[in-house]
Amino acid sequence: MQIHSPGAALHFDVLIVGSGLAGLSAALLLAQQNKRVAIITKRAVREGSSGWAQGGIAAVWDKADSFAAHVDDTLIAGAGLCDMAATQFVVEQAPQAIAWLQAMGVPFSTEHNGDLHLTREGGHSARRIVHVTDATGAAVQSTLIERVQQSPNISLFENHTLVDLITSDKLAGDQGTGDKDTDRRCVGLYALDEVTDEVLTFSAPHTLLATGGAGKVYLYTTNPDTATGDGIAAAWRAGCRVQNMEFIQFHPTCLYHPHAKSFLISEAVRGEGGRLLLPDGTRFMPGHDARAELAPRDVVARAIDFEMKKGGLDCVYLDISHQSLAFIQEHFPNIYARCLELGIDISKQPIPVVPAAHYTCGGVLADLHGRTDLSGLYAIGEAACSGLHGANRLASNSLVECMVFARAASHDIEQRPGALVRALPAWDDSRVTDADESVVISHNWDELRRFMWDYVGIVRTNKRLERAAHRIALLQDEIQEFYANFHVSRDLLELRNLVQVADLIVQSARARHESRGLHFSRDYPDMLDQALPTILVPRPRD
């Protein structure tokens, strides 16, 4: 429990917002440098997206594999938009990241001879996916959380929701940053403590956003409820550029069942021979792509979307029943058990699946050190756009990106002296009242997610994007009025962030006059010769 004086700022060397793999890894690495670290997470520490990751972590481990092959696979999946330097950096650092997790005690699946078991997923030309059966994220997260809880240098603030970042230009007088590049920097943040219903002030010379993606902006998603784009929206409001927000990856195979909320059927099921079928048993992927079920996710998701709309189907089916029961239970124990709970025996019958919003490929523009446009502010993991994923993320490249950039950012922070900042002002809500119509927030949340699904989904048109932009503008006005006049709540803060992220997605989609990777437009079905990122720049602040 943290004890502090009411209104007084809590001071640390580094603030980390988010408790997924990126945030936990960075916290542990910084704690080893004797940094005083605060992890601020809006729910329980275990409720981030990383714990939901089933497939694994991509790394060149087999002698028959190569960095060049992993880089090529990433570039192909990214449809020409991957940043080469970032791609090479992550691929070459990946084995070291796996070795670090092994040293932390992660129980990776092994062969009978003790070697790591490597699986294969769509878009990969070789077996290079290191995993813990089909629950890699949960195993990695549990291991790192245990380490975090044992560290005396890390303070954990659960049930604390990021309200906004604090920048030096909002403070009176010279802050004495000592930074020759800019006088403007991030000096801390405000966070809502849901237990006390108090907005706390956190102060630190370095703040690291590891808040994950924004899947909850869509009606159907594989993401947990925490994925509301908080870090992306806060960084944008603080003046940071964002990049490639139009590229939202829809996972092709989310379990379709009325009692299964966002349960993901891993890419590895197709990697181990799973076949996609129509209700009559016809296999359809070979007619869409020569790679069939092993095509990249955007290709598979569009194929499923096409077949569902063509046939008026509620879902399609993924069949792994040709494999033995022993094979299925060994490789997919959690998927097998969860489906069996719902009356689906995947060793005997196909799994009903639909696409669902899964991964935000764009985010806060960050360099190879995780640095953003705002001095003192870092962004890593799904909240950031490092350039690795391009127009489509290659399967299992996300967890390794979290660890590689956690190490890069922590190393950069170690090299930089802490800036001296005067006392930060306490949050002022003296002129607001308690909201008397919370139903408005609930209604707006539902409206946003539905029109984003309908208008800004797997297949887009200019007209759909125009309609979405119009509705977003109306929602932004209404939400800003709420934010200005009422005491903040987590629901209001999340809705404010989701509407901001939705606006960034639509702006980016309208700016891209082609179809590339995850962005498919009926009005611009061809891909341009030159691949350019979409970079949005905030308006100058008052």
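**What covers helix H7**

Author: Start with the cover. Strand E13 (248–255), helix H6 (267–271), strand E14 (275–277), strand E15 (316–319) and strand E16 (351–360) are among the elements that cover the buried residues of H7. Helices (H or I, at least four residues) and strands (E, at least two) are DSSP runs, numbered from the N terminus. The model is predicted: local features need pLDDT of at least 70, side-chain atom pairs count only at pLDDT 80 or more, and totals for chains, interfaces and linings use all residues. Residues are numbered from 1 along each chain as its sequence is written, and side-chain values use heavy atoms, without hydrogens and water.

Reader: Which residues of H7 are buried?

Author: Among them are Val299, Val300, Ala303 and Ile304. Arg297, Asp298 and Glu307 are buried too. Buried means under 20% relative accessible area, exposed means over 50%, and partly exposed is in between (1.4 Å probe, protein chains only).

Reader: How do you know that the span of H7 agrees with 1.5 Å a residue?

Author: The expected span is 1.5 Å times one less than the number of residues. H7 (residues 297–311) has 15 residues, so it should span 21 Å. Its end C-alpha atoms are 21 Å apart, which agrees. Gly312 follows H7, with a positive phi near 60°.

Reader: Why does Ala79 count as buried?

Author: Its relative accessibility is 17%, so Ala79 counts as buried. Ala79 sits in the loop between helix H2 (67–77) and helix H3 (84–104). Its phi is positive, near 55°, though Ala79 is not a glycine.

Reader: What makes Asn244 buried?

Author: Asn244 has 2% relative accessibility, so it counts as buried. Asn244 lies in the loop between strand E12 (242–243) and E13. Its phi is positive as well, about 60°.

Reader: Why is Asp115 called partly exposed?

Author: Its relative accessibility is 45%, so Asp115 counts as partly exposed. Asp115 is in the loop between H3 and strand E5 (118–119).

Reader: What makes H11 roughly parallel to H13?

Author: Helix H11 (residues 438–455) and helix H13 (residues 490–511) pack at about 25°, with axes 10 Å apart. That angle makes H11 roughly parallel to H13. Angles under 35 degrees count as roughly parallel, over 145 as roughly antiparallel, 65 to 115 as roughly perpendicular, and the rest as oblique.

Reader: Which residues of H11 meet H13?

Author: Ile441, Asn444, Trp445, Leu448 and Met452 do. Contact means heavy atoms within 4.5 Å.

Notes: Axes fitted to C-alpha atoms, helices over the stretch in contact; angles between N-to-C directions.
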